[in-house]
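Me: I would like to go through the labels attached to this model and ask, for each of them, what it rests on.

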Amino acid sequence: MAAAISRRVGISIRDASFMVDAILEEMAAALERGENVKITNFGTFLLNDKAPRIGRNPKTGQEALVSARRVVTFNPGMGLRARVAPIPD
């Protein structure tokens with residue numbers, strides 16, 4: 001990603017890599033604070049809290065408690081959906 005940004009913007013790969021790292025770090029920090037992250041025309045990273053539940057080991061059938069957890073999901077925006085739309089028949 002840094003190499004592509006470097007070519008497109010005309011900056012060094014080192015500077016582009018620093019920018020990519022800074023953006024990803026800020027996104028991770030926002031999610032850690034409990035905030036959703038929206039990137040216009042790309043999509044939204046959403047936090048979902050999952051309640052504890054009883055799960056089952058598919059190999060043995062034994063039940064086990066799956067603890068509560070927070071997961072990150074991604075909802076693509078309309079711009080991204082349009083770019084990766086299925087190929088018509």
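Me: Which residues form a nonpolar patch on the surface?
Reply: In this predicted model, the patch is formed by Ile39, Phe42 and Phe74, which together have about 230 Å² of accessible area.

Me: Why does Phe42 count as partly exposed?
Reply: Phe42, which is found in the loop between S1 and S2, has a relative accessibility of 35%. Buried would require under 20% and exposed over 50%, so Phe42, at 35%, counts as partly exposed.

Me: Why does Thr44 count as buried?
Reply: The cut-off for buried is under 20% relative accessible area, and Thr44 counts as buried because its value is 18%. Thr44 is found in strand S2, residues 43–50, and, leaving aside residues up to four places away in sequence, it touches Asn36, Val37, Lys38, Thr73, Phe74 and Asn75.

Me: How do you know that S1 and S2 pair, and in what sense?
Reply: Pairing requires at least two bridges between two strands; S1 and S2 have three bridges and are therefore paired, in the antiparallel sense.

Me: What makes S1 and S5 the edge strands?
Reply: The open sheet has three strands in the order S1-S2-S5, with antiparallel pairing, and strand S1 (37–39) and strand S5 (69–76) each pair on one side only. Neighbouring strands of this sheet are turned by 25 degrees against each other on average, with direction ignored.

Me: Which helix lies across S1, S2 and S5?
Reply: That is helix H2, residues 13–32, which runs at about 140 degrees to S1.

Notes
Residues are numbered from 1 along each chain as its sequence is written. This is a predicted model: local features need pLDDT of at least 70, side-chain atom pairs count only at pLDDT 80 or more; totals for chains, interfaces and linings use all residues. Side-chain values use heavy atoms; hydrogens and water are left out. Helices (H or I, at least four residues) and strands (E, at least two) are DSSP runs, numbered from the N terminus. Buried means under 20% relative accessible area, exposed over 50%, partly exposed in between (1.4 Å probe, protein chains only). Contact means heavy atoms within 4.5 Å. Axes are lines fitted to C-alpha atoms, for helices over the stretch in contact, and angles run from 0 to 180 degrees between N-to-C directions. Patches are made of residues with over 30% relative accessible area and no salt bridge: like charges are joined within 9 Å, nonpolar side chains (Val, Leu, Ile, Met, Phe, Trp, Tyr) within 5 Å. Accessible areas come from the Shrake-Rupley method with a 1.4 Å probe; for residues, only the protein chains shown count as cover. A salt bridge is a side-chain nitrogen of Lys or Arg within 4 Å of a carboxyl oxygen of Asp or Glu.
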